[in-house]
Amino acid sequence: MKILVTGGTGYIGSHTVVELLNSGFKVIVLDNLSNSNIEVLNGIESITGVRPEFHQVDITDKISLKKVFEYNGDISSVIHFAALKAVGESVIDPMLYYRNNILGFINLLDVMIGSNVLNIVFSSSCTVYGQAEELPVTELSPVKEAESPYGYTKQCGERFLNDLSAATKLKSIALRYFNPIGAHDSALIGELPIGVPNNLVPYITQTAAGEREILTVNGNDYPTPDGTNIRDYIHVVDIAKAHVIAVQRLIDNATVENPEIFNLGTGRGNSVMEIINVFEKVTERKLNYKIGPRRAGDVISIYSDTKKANEILGWRAERDLENMLLTAWNWQKRISNVKN
Ligand code: NAD
Ligand code: WQD
């Protein structure tokens, strides 16, 4: 079975390509390399022994996108990761996000339906919930008005799937990731943020590697046990494995809703200070950090109810926080050339 993975050289995409190849799928990777590097394919090849077919294509370029589908007449399904994902950047330049994430997705859906490729797994996000009134959040928790243009592009994506499921033969699964962190055990692929990281864990690992001077904890006066924000951190390999199950489910025609929506988290919440403490413990290093002001737009706490994915997909997150932070650190050590 041939799967087209858009954004397949990116962080979650590359780990998913590895799991797909390890499960015997044929994979075509499509990426414009705006937030990733072609060398990721070397990592994938070293891990799996297979170098997937690659197309450097921008999904906003519909003609080139169509050519990939024409060249590969037997694509069974698409896993769609390609998107921009920086919340702050989306507030500064909403049009960039509308064009890339919304127009790009419309092109993809249009080309897929025109080519009779009717299975899609879509990368959605816990950001669609905003600050939920009740925790943990289930897939039935209300989707709040988006707090950023980025969040809005994810809500639009889910809406497109919903509308198209009624009007066409498209079948879809939307996976709402919580906070993916960690890296492959081999340390051959991992997260490669360009510039100053926005996210907590790459900031921590870069600080520990000496690439950043100090981590600022964004506020410790929240109404949580230690005053810092709570999130549901999940290992990227666990996320990747859920995609293999989801795409197989579409191929098997086993979906019972359209789109089917699943939370992908561990079901546990951890505070920023807990992340720092576990990082220090597993790496046996002191992290340079200070307490700073709150960051605009941060929700206080969010974590998932994973019952639906556990019961219907038969999937559950297997890796603990220690493993998430250790693999993230091993990857950072390799790319920053840290000796021990
Ligand atoms: P990433 O930036 O590492 O990967 C995205 C990939 O898509 C990159 O390789 C980039 O070059 C490519 N891309 C972007 N725009 C493109 C375009 N127009 N045409 C072709 N390729 C394009 O990000 P990631 O963390 O792997 O995220 C993957 C998906 O998961 C995204 O849709 C993101 O919104 C979603 N998501 C991520 C997180 C997270 O915290 N990482 C959480 C929830 C949802
Ligand atoms: C986690 C916690 C920060 C950096 C983002 C997106 C969300 C989804 C997942 C895509 C927060 C704190 C961070 C730092 C800190 N992505 N922090 N110092 O904001 O939960 O979610 O990624 O869909 O849409 O918003 O993740 O890693 O940025 O922050 O104290 O230098 O770490 O304030 O409490 P977030 P994050």
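Biologist: How many residues does H11 give to the lining of the second largest pocket?

Modeller: H11 gives the most to that lining. Helices here are DSSP runs of H or I with at least four residues, strands are runs of E with at least two, and both are numbered from the N terminus. On a 1 Å grid over the protein atoms alone, a pocket is an open set of points with protein on both sides within 12 Å along at least five of seven lines, a cavity is a set where a 1.4 Å probe fits but cannot get out, and lining residues have an atom within 4 Å of a point. The share from H11 is 5 residues.

Biologist: Before we go on, what pLDDT do side-chain atom pairs need to count?

Modeller: Residues are numbered from 1 along each chain as its sequence is written, chains are lettered from A and ligands numbered from 1 in the order written, and side-chain values use heavy atoms, with hydrogens and water left out. This is a predicted model, where totals for chains, interfaces and linings use all residues, local features need pLDDT of at least 70, and side-chain atom pairs need pLDDT 80 or more.

Biologist: Back to that pocket: which two elements each give two or more residues to its lining?

Modeller: About 170 Å³ of space lies in there, a volume being the space filled by probe spheres set on grid points joined across faces, edges and corners. The lining has 16 residues, and Glu191, Pro193, Thr205, Trp331 and Gln332 lie nearest the centre. The elements giving two or more are H7 and helix H11 (321–336).

Biologist: Which domains each supply at least three residues to that lining?

Modeller: Domain bounds come from an automatic or database domain assignment. On that basis, the lining draws from domain 1 (2–182 + 233–264) and domain 2 (200–231 + 268–335).

Biologist: How far is a polar side-chain atom of Asn229 from an oxygen atom of ligand 2?

Modeller: A polar contact is a pair of N or O atoms within 3.5 Å; within protein, one must be able to donate a hydrogen and the other to accept it, and residues adjacent in sequence count only if both atoms are side-chain atoms. A side-chain N or O of Asn199 is 3.2 Å from an oxygen of ligand 2, and a backbone N or O of Leu200 lies 2.8 Å from one. For the polar side-chain atom of Asn229, the distance is 2.7 Å.

Biologist: How much of the accessible area of ligand 1 does the protein cover?

Modeller: Ligand 1 has 27 residues around it, with Ile12, Asp31, Asn35, Ser36 and Tyr150 closest. Polar side-chain atoms of Asn35 and Ser36 each lie 2.7 Å from an oxygen of ligand 1, while a backbone N or O of Ile59 lies 3.0 Å from a nitrogen. Of the 820 Å² that ligand 1 has on its own (Shrake-Rupley method, 1.4 Å probe), the protein covers 96%.

Biologist: Which element gives the most to the shell around ligand 1?

Modeller: By class, that shell has 12 nonpolar, 11 polar and 4 charged residues. Nonpolar means Ala, Val, Leu, Ile, Met, Phe, Trp, Tyr, Cys and Pro, charged means Asp, Glu, Lys and Arg, and the others, Gly among them, count as polar. The top contributor, with 3 residues, is E5.

Biologist: What is the volume of the largest cavity?

Modeller: The count comes to 1 cavity of 30 Å³ or more. The largest cavity is lined by His80, Ala82, Ala83, Asn101, Phe105, Phe122, Thr153 and Lys154, and helix H5 (94–114) and helix H6 (149–167) each supply at least two of the lining residues. Its volume is about 50 Å³.

Conventions. Near = heavy atom within 4 Å.
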